[in-house]
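Please look at the sequence and the 3D structure below.

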Amino acid sequence: MREHGITSDADLGPLVEAPPPAAEPDVVAKLRHMYDAPAWVLLESSLADLPTDLRWLFESGAVTVRELATLHRALGTVSAADLAAAVADEAVRNVPGLGEPIETAIAAALPRIRDAVPRLPLGRAATISDPILALLRAAAGVRWALPAGSLRRSQEMVGDIELVAAADDPSAAVDDLMRRPNITRCLHRSERRVCLLFERVQVGVRLPAPSSAGAVLLHATGSIGHLTKLRAHALGVGWRLTAGGLRRPDGTPGPSETEEEIYAALGLPFITPEIRHGEDEVAAAKTGHLPTLLSRRDIRGDLHMHTSWSDGRDSVEAMVKACCALEYEYMAITDHSPSSGAARNLSIADVARQADEIAQLRDQYPRITILQGCEVDILPDGRLDLPDQVLERLDIVLASLHERAGQSNEQLMERYMAAMRHPLVNLITHPTNRVLPHTPGYELDYDRLFAAAVETGTLIEIDGAPVHLDLNGTLARKATAAGVTIAVDSDSHRAEVLDRHMAFGVGAARRGWVEPRHVVNTRPVAEIRKFVAAKRNK
């Protein structure tokens, strides 16, 4: 109900006021024995109106209702990032009514606080956040606006949507947000903080003053592991890194306007968000071994897309026009082959007809090289579902597993091995064949797969379609370490998402420390043809 919403920084609504003082210290335990149904309804409806992380902190049993309210009032905590920062800064222990035992309880709850929170696919999270970011960037008084959290880190499943906008005066931006027609509820509002339900998804917006905006963005981006290592490094070089910015031991503030100047003050190069995993990125920065990561502008062409010849929505010409608008040097039309489970497939007879259409388009659009390819299925016995005499006519051949066919992981591995040994197969698409968020993908011996790709001269794909994002960052890093050459592709089925899906693919590659030198489609089209010919001529 709307009247239970949280509308001011000093107010957590009826949740704060519902339990009488006599109910302390264990509000929840006593409420379980109450027979007053309206009190339960009030508590439950108020909990439903809380920002997600506060609700789940309460549900974890780490704090009572009154302790949660005290925590929020004293420190302004709204999200898991706030809670982690409050624990790291030892701020909870100094709040009257909380102290060190509550800080310890919160620290213990934090690693699992998100377990019960559904995660969103990256594509869905970006679709929700993009219009809000556009609104913030256009608002008076806002200098810049960026995504934060797992969305900014290009994580394939996003646990929250947090946005940060540096604002001299946030009032106009907050008012604009509150007027959005698809906002269903305001869960929290203060001068520089808003937490909203937008299309039934929680979106948190922070609007810090520009002088501290870099520190806010850094902490909101995370990960917790990265920030823990960064704080330890900061202490070693004479700084204290807090959620409010850098501090000297005597409390003197340091530079905090941008992330870049914070890292520089710590004697480190900027660590890009996609690799802030809390693993070895800080050590690499300290020793000068951070990679120069692949960027969107490095991509010269897209080697995997579908048209209305199979299950794509748009014509070949529509895809060509879109690729020209992206200023690609080349593109590959790679529709599905006959055995694919797609709604429509490219038949053997269609291959020749499509070749005629592509030949005409090459004359019409001479600025871009249009390659004809096909995404062929690897059948259960390891054969391809198009004959060699058809594949020989194509400029590039992609091979895929789309159907397990009841086979074991070892049998799936043998199908991949057979395809990679085929001299006409140039690229293995979305190797784990996961479908986010529904299926996790195949559990294969990927070290063996990558070794075979190197041996046979076969490309391995990072697929930018949000349902795949496959290889993921971990496997991509393993692949390049093994010497695999990567193709980063959109796997787009519509012209309008060619750019968006490629950006997702680049984000996944960056999570895996992939550099331009690892990626085949950062090279001129002559290099693509050379790569294909090298395998065919073995």
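Which residues point one way from β4, and which the other way? Ile-161, Leu-163, Ala-165 and Ala-167 point one way, while Glu-162, Val-164 and Ala-166 point the other way, and all are buried. Buried means under 20% relative accessible area, with exposed over 50% and partly exposed in between (1.4 Å probe, protein chains only). Strand β4 covers residues 161-167, and seven of its seven residues are buried. Strands (E, at least two residues) and helices (H or I, at least four) are DSSP runs, numbered from the N terminus.

The model is predicted: local features need pLDDT of at least 70 and side-chain atom pairs count only at pLDDT 80 or more, whereas totals for chains, interfaces and linings use all residues. Residues are numbered from 1 along each chain as its sequence is written, and side-chain values use heavy atoms, with hydrogens and water left out.

Strand β4 has pairing partners, where two strands pair if DSSP finds at least two bridges between them. With strand β2 (residues 142-147), β4 pairs in the antiparallel sense over five bridges; here Val-142 stands opposite Ala-167. With β7, the pairing is parallel and runs over four bridges. Ile-161 has Val-203 in β7 as its bridge partner.

On a 1 Å grid over the protein atoms alone, a cavity is a set of points where a 1.4 Å probe fits but cannot get out; a pocket is an open set with protein on both sides within 12 Å along at least five of seven lines; lining residues have an atom within 4 Å of a point. Grid points are joined across faces, edges and corners, and a volume is the space filled by probe spheres set on the points.

The whole structure holds two cavities of 30 Å³ or more. β6 (193-198) and β7 (201-206) each supply at least two of its lining residues.

The largest cavity has a volume of about 40 Å³. Among the residues that line it are Leu-122, Glu-156, Arg-434 and Phe-504. Helix α21 (residues 498-511) gives the largest share of this lining, three residues.

The largest pocket has a volume of about 730 Å³. Of its 34 lining residues, Ala-80, Arg-153, Ser-223, Ile-224 and Gly-225 lie nearest its centre. The largest share of the lining, six residues, comes from α6.
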